Amino acid sequence: MNKNSMNVSVLAVSVLTAGVTGCASMAPSLPPPPPQVVIDGQRVFPESVDAAADGSLFFGSIGNKMIYRAAPGSDKAVAFVQPATDGLQSTFGVFVDNRSGTLYACSNAFGGPPGGAPLPATVYAFDLKTGATKGHYPFAASGGFCNDMATTPDGTLYATDTNNMQIEVLKKGAVTLQIWAGSDGSLGKKGGVIDGISVLGSRIIVNELAVSKLFSVGINKDGTAGAPVEITLDRPISRPDGMRAFGKSAVLIVEGGGGGKLEKVTFEGNNGKVELIKQGYPDGPVAVTVVGTTAYVCEGQLAVMMRRPAAAGSAPAPAAPLKPFVATAVEVGKP
């Protein structure tokens, strides 16, 4: 999943193993899913992926400050929202709202030159078909970092603020984001790295990467947040990152620990049953989404991006080679 006013150490933790991403309601006849989708670009460093109802895949790019799209059934993602469109910065979470035909993106000033006024974390909205800008909404909290997003059926959008350990909300028809939950510290101390987010019925599920926890936050009838409750898991998870709803009572989640894993967590109340789907993502799993009965896990190679320069007078370590940036398919069945 994080400048100037941000906590750089927290950001590094989030980015190294970050973010997202989604399970969309799919059309009945989708083209056969390719076993692998390659993102056609250099130094893309994707942090998130989501799927539209027609099977299109969208990838956010930290390195190139843009969004890529793979057409339904295609094994290649190409430029969709061009670099720095309307001031777009490093793109982390992406989320598809099929009902409104909107592609949301988390934009953050990341890795830029020091000095100057810091740009706020911002949620961008783009037209799902054309990529045209529909709006952008700066975070309400100063020093925030927009990591991932999810929407309720009425179009209300929730976004995680990694640095401030909060959730912000953009209500349907609103033009400004508001802090929704976590301002009282109820989602944990700064440094916990709140990251992935999913909507399950009348509650929000969020994960926290650094402390390897899941929390549930109820949505009250008036739209306010209930008291966050930590989910009791039947076994530990390790550095959870991108996460999306899978049916009415489960999420798919990628984890950076244990060599990289894709797991399903099924909820009963505030308890969660963890099931391993696949293990072995050496290039750092950052996000998951679903097309039909096929999940796509995106690996970001963010460790290469975050490689520190050698100290003065020291010989630089050999640079780790960049591989093609890909999302790979794994069958997950129906929820």
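Student: How many helices and strands are there in the protein?

Tutor: There are two helices and 25 strands. Helices (H or I, at least four residues) and strands (E, at least two) are DSSP runs, numbered from the N terminus.

Student: What should I know before I read on?

Tutor: This is a predicted model, where local features need pLDDT of at least 70, side-chain atom pairs count only at pLDDT 80 or more, and totals for chains, interfaces and linings use all residues. Residues are numbered from 1 along each chain as its sequence is written, and side-chain values use heavy atoms, with hydrogens and water left out.

Student: What is the average pLDDT of the protein?

Tutor: The average is 90, and 85% of the residues score at least 70. pLDDT is the predictor's confidence in each residue, from 0 to 100.

Student: Where does pLDDT stay under 50?

Tutor: Over residues 2-27. The model has 124 contacts for that stretch beyond four places in sequence. Contact means heavy atoms within 4.5 Å. Where pLDDT is low, the predicted coordinates should not be read in detail.

Student: Why is Asn108 called buried?

Tutor: Buried means under 20% relative accessible area, exposed over 50%, partly exposed in between (1.4 Å probe, protein chains only). Asn108 has 0% relative accessibility, so Asn108 counts as buried. Asn108 sits in strand β7, residues 102-108. Not counting residues up to four places away in sequence, Asn108 touches Gln89, Ser90, Phe92, Ala121, Gly144, Phe145 and Cys146.

Student: What makes Cys106 and Cys146 a disulfide?

Tutor: A disulfide is a pair of cysteine sulfur atoms within 2.5 Å. For Cys106 and Cys146, S to S is 2.0 Å, and a disulfide joins them. The pair links distant parts of the chain: Cys106 is in strand β7, Cys146 is in strand β10 (residues 146-151), and 40 residues separate them. Both cysteines are buried. The structure holds one disulfide.

Student: Which hand does the link of Cys106 and Cys146 have?

Tutor: The link is left-handed, with -50° about the S-S bond.

Student: How do you know that Lys213 and Glu230 form a salt bridge?

Tutor: A salt bridge is a side-chain nitrogen of Lys or Arg within 4 Å of a carboxyl oxygen of Asp or Glu. The closest N and O atoms of Lys213 and Glu230 are 3.8 Å apart, and the pair forms a salt bridge. Lys213 is in strand β16 (residues 213-218) and Glu230 in strand β17 (residues 229-230), 17 residues apart. Seven salt bridges are found in the whole structure.

Student: Why are Lys213 and Glu230 called partly exposed?

Tutor: Lys213 has a relative accessible area of 31%, so Lys213 is partly exposed. Glu230 has 38%, so Glu230 is partly exposed.

Student: What is the N to O distance in the salt bridge of Glu263 and Arg235?

Tutor: The closest N and O atoms are 2.3 Å apart. Glu263 lies in strand β21 (residues 261-268) and Arg235 in the loop between β18 (232-233) and β19 (240-245), so the pair ties together parts that are 28 residues apart in sequence.

Student: Is Glu263 buried or exposed?

Tutor: Glu263 is at 1% relative accessibility, so Glu263 counts as buried. Arg235 has 29%, so Arg235 is partly exposed.

Student: Which residues touch the most other members of the largest nonpolar core?

Tutor: Leu57, Phe59, Val123, Ile167 and Ile204, in a core of 54 residues. A nonpolar core is a set of buried Ala, Val, Leu, Ile, Met, Phe, Trp, Tyr and Cys residues joined through side-chain atoms within 4.5 Å. A second, separate core has 13 residues, including Ile67, Val81, Leu88 and Val94.

Student: Why is Gln42 called exposed?

Tutor: Gln42 is at 67% relative accessibility, so Gln42 counts as exposed. Gln42 is in the loop between β1 (36-39) and β2 (46-51).

Student: What is the phi of Lys65?

Tutor: Lys65 has a positive phi of about 55° although it is not a glycine. Most residues other than glycine have a negative phi. Lys65 is in the loop between β3 (57-61) and β4 (66-70).
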